[in-house]
Amino acid sequence: MKLHNQIFIAMALAAIAGWLTTEETRLLDIPLLAIYDTVGALFISALQMVVVPLITSAIIVSLVNLGDGRDLGRLGGKTVLFYLSSSLVAILVGLLIVNLIAPGVIGGEPAGDRLGLAENTADVLARIEGRGAGDFAGIIMQMVPSNLIHAAATGQLLGLIVFSLLFGYFLRQVEGEPGRALTRALDGLYQTMVLITMFIIRFAPLGVFGLIAATVTRTGFDAIAPLAWFFVTVLLALAVHAFVIMPLAIRLLAKRPPIRHLKAMTPALLTAFSTASSAATLPLTMECVEKRAGVSRRTASFVLPLGATVNMDGTALYECVAVIFIAQAYGMDLTLANQFMIVVASLLTSIGVASVPAASLVAITLILGMVGLPPEAIGLILVTDRILDMCRTAVNIWGDSVGAVLVARSEGEEGVLSVPAHQL
């Protein structure tokens, strides 16, 4: 049985178990609520456990495996500029829509009580009181940690990302067997961490069961409304970015019809939606971009592998919306400085998210900690995460392919999107 089916079944069983728990606990004196909390907490801890080795090895390996030195110049500059710009635009789209809809507010009141949050709202508000623009300086300082071990232990992901980028860049310059041996070792570490992450994700149904059962036990089914609005908010924001912003970029910058590129990328987009993994979809993405969209192999082989690791438009958008949704549920009055911090954190952490299903959950827990929210609150969004993971992965792949088209056109490739749409 596929993972998403298992999660749907776990959700249904959790709803029933949570609904029955109050009566069953009184009759049999079984601490079911404590069991639910333990199962959910174990799953969240497992996600947090893999974040440091997974993200650092992913960044280093992706940088080492880039093309030759010339690619790191002109092509590298164009690619990185587009990826950073598109991710930033995606985050801003999510920020605008989540503020307009305010899914964490139901009937003019924060949805925290309905959601059964793990920490008292007043405690969270007291913890973040006084945060503002001055915290941005702290983020800058975190980018250059004085102690990597301490940064890893305290979840300072920004410093680890900067170090990983530097490490990968200079590892490329180490010649001979030492450089090759270290590269092979790091690649082995990355592949191992992907396998460990996939192993943890296999237990997602149990984690979801524990988290949802505990929520239903505490609050009944009042959590359905705010989660439904959250689901709609994310889908709307993803749709605006994918079907408005990206087509405009193709039309205005590449001077090509967007519908032709959409038809060219349909097989890869459907595969991305089914697997929820950019890495698993990468071979098909490259084939569609080269053979159906007409991008040269030289450009595609450089732009797409890099994009599969660092260009996560849908993920960055989702992280921003998720954190602000949770903040709204706590009744937090986010200032512009707070929201700017979330935008920066979403942009930087999306770069290090591995291209495997549900890996963004580990990044969201880190952003929650950076803005003063409890990491346990990520349990609020796990109900809808699988379907939204499939949707945002498709948006990630779509953004990668648009980047390949724009870079290819800027390099003077005339064959891009030259195949008539009816022949695709």
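**View 1. The whole chain.** Helices here are DSSP runs of H or I with at least four residues and strands are E runs of at least two, both numbered from the N terminus. The model is predicted, so to speak of local features a pLDDT of at least 70 is needed, side-chain atom pairs count only at pLDDT 80 or more, and totals for chains, interfaces and linings use all residues. Residues are numbered from 1 along each chain as its sequence is written, and side-chain values use heavy atoms, with hydrogens and water left out. With that settled, the protein chain holds 18 helices and two strands. Of its 424 residues, 53% count as buried; buried stands for under 20% relative accessible area, exposed for over 50%, and partly exposed for what lies in between, using a 1.4 Å probe and protein chains only. The accessible surface of the protein chain is about 18,200 Å², and carbon and sulfur atoms hold 67% of this area (Shrake-Rupley method, 1.4 Å probe; for residues, only the protein chains shown count as cover). A contact is a pair of residues with heavy atoms within 4.5 Å. Taking the contacts between residues at least 6 apart in sequence, 84% join residues at least 24 apart.

**View 2. Lys78 and Glu411 in a salt bridge.** Side chains of opposite charge can pair when their charged atoms come close. The term salt bridge is used for a side-chain nitrogen of Lys or Arg within 4 Å of a carboxyl oxygen of Asp or Glu, and the count by this rule is four. In this one, the N to O distance between the side chains of Lys78 and Glu411 is 2.4 Å. The pair links distant parts of the chain, 333 residues apart: Lys78 belongs to helix H3 (residues 71-101), while Glu411 is in the segment after helix H18 (382-410). Lys78 is partly exposed at 27% relative accessible area, and Glu411 is partly exposed at 23%.

View 3. Glu177 is partly exposed at 40% relative accessibility, and Arg180 is partly exposed at 47%. The closest N and O atoms of the Asp389 and Arg392 salt bridge are 3.6 Å apart, and both residues are buried. Back at Glu177, salt bridges with shared partners join Glu177, Arg180 and Arg184 into one network.

**View 4. A nonpolar surface patch around Val244.** Phe243, Val244, Leu248, Leu252 and Leu253 make up this patch of about 540 Å². Patches are built from residues with over 30% relative accessible area and no salt bridge, joining like charges within 9 Å and nonpolar side chains (Val, Leu, Ile, Met, Phe, Trp, Tyr) within 5 Å. Val244 sits in helix H11 (residues 224-254) and is partly exposed at 39% relative accessibility.

**View 5. The largest nonpolar core.** In soluble globular proteins, nonpolar side chains tend to be buried together. A nonpolar core is a set of buried Ala, Val, Leu, Ile, Met, Phe, Trp, Tyr and Cys residues joined through side-chain atoms within 4.5 Å. The largest one has 107 residues, and those touching the most other members are Phe230, Val323, Ile326, Ile364, Leu373, Ile381 and Trp398. Helix H18 gives the largest share of this core, 13 residues. Leaving out residues up to four places away in sequence, Ile381 touches Phe230, Tyr318, Ala322, Phe325 and Ile364.

**View 6. Buried residues at Ala151, Glu290 and two cysteines.** Ala151, in helix H7 (residues 148-153), is buried at 0% relative accessibility. Its C-alpha is 9.6 Å from that of Val52, although Ala151 and Val52 are 99 residues apart in sequence. Glu290 is part of helix H13 (residues 278-292) and counts as buried at 18%. Beyond residues up to four places away in sequence, Glu290 touches Val295, Ser296, Arg297 and Ala300. Cys320 is buried with a relative accessible area of 0%, and Cys391 is buried at 17%. With a disulfide taken as a pair of cysteine sulfur atoms within 2.5 Å, the count is zero.
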